[in-house]
Amino acid sequence: MAETRADESLAEFLAVALPRGDPRLQIKEVVYRRLVRAIVELRLRPGQQLRERQLSEQMGVSKTPIREALVRLEKEGLVTVAPYRGAIVRGYTHTDVREIYELRELLEGFCARRAAMQIDEADEAALRANVRRSRQLADVGSSDDLPALFDAFDRLLYRQAAGHRIGTLLAELELHLERLGNMTVGVPGRLDASVQQHGAIVHAIVKREPAEAEAACRDHIRSVFADLISELPEIW
């Protein structure tokens, strides 16, 4: 019964509202984005088969945009196309996760350092507001909105690398980081720890201490990685 409800919920989520204008120009992008969200939000789990016919029926579109979306998802490392099995939602090994978080530590550490050197007033105010709101929610035990606030915090940091090649590298990692981050939401103490660690990063940025900001950011990412590895099986 629970599995049936989950299937119905997934089908409801995947149902595509056709865009206005010429759907031939836009429907493939809508299909792709809906499948991305389903994978990143763990509605489609690692190892789950993605059958073109079933997805076509659930989304109310032809197989062509489904096929095109799966090709894009394979290039981004979110699905694997296996002989005789078709497309399968891809998981991560511990080695994959370690490599992703080592890159994240380097790239986001750079962004935090750069923020302490040159952040503008608007982004600084947004970071302060983000941390303040996160603390308010954490203090009252309201955790549902915290992951979205954490994602917004990361995007504000990434913005500091705008126009820099590091910004492009972060964009390539972003979907994987968001997906993996969703795995740590239920780790006891993880949300509270992230709130405190984000506060330390912003404190260093506001003081215009580049080295301290980078160190605080790296410490935060290593902490998240440790929790993630403790939760994930060797192959997920």
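This is a predicted model: local features need pLDDT of at least 70, side-chain atom pairs count only at pLDDT 80 or more; totals for chains, interfaces and linings use all residues.

Student: What makes Glu52 and Arg67 a salt bridge?

Tutor: Their closest N and O atoms are 2.9 Å apart, and the cut-off is within 4 Å, so the pair qualifies. It links distant parts of the chain, with Glu52 in helix α3 and Arg67 in helix α4, 15 residues apart.

Student: Why is Glu52 called partly exposed?

Tutor: Its relative accessible area is 25%. Buried means under 20% and exposed over 50%, so a value in between is partly exposed. Arg67, at 41%, is partly exposed as well.

Student: And why is Glu124 called buried?

Tutor: Glu124 has 14%, and buried means under 20%, so the label holds. Arg128 has 40%, hence partly exposed. The side chains of Arg128 and Glu124 meet in a salt bridge at 3.3 Å, N to O. Being four residues apart in helix α6, they are separated by about one helical turn.

Student: What does the salt bridge between Arg104 and Asp154 tie together?

Tutor: The closest N and O atoms of Arg104 and Asp154 are 3.3 Å apart. Arg104 lies in helix α5 and Asp154 in helix α7, so the pair ties together parts 50 residues apart in sequence. Arg104 and Asp154 are both buried.

Student: How do you know that β2 and β3 pair?

Tutor: They have four bridges, in the antiparallel sense. Pairing needs at least two bridges, so β2 and β3 pass.

Technical notes:
Residues are numbered from 1 along each chain as its sequence is written. Side-chain values use heavy atoms; hydrogens and water are left out. Helices (H or I, at least four residues) and strands (E, at least two) are DSSP runs, numbered from the N terminus. Buried means under 20% relative accessible area, exposed over 50%, partly exposed in between (1.4 Å probe, protein chains only).
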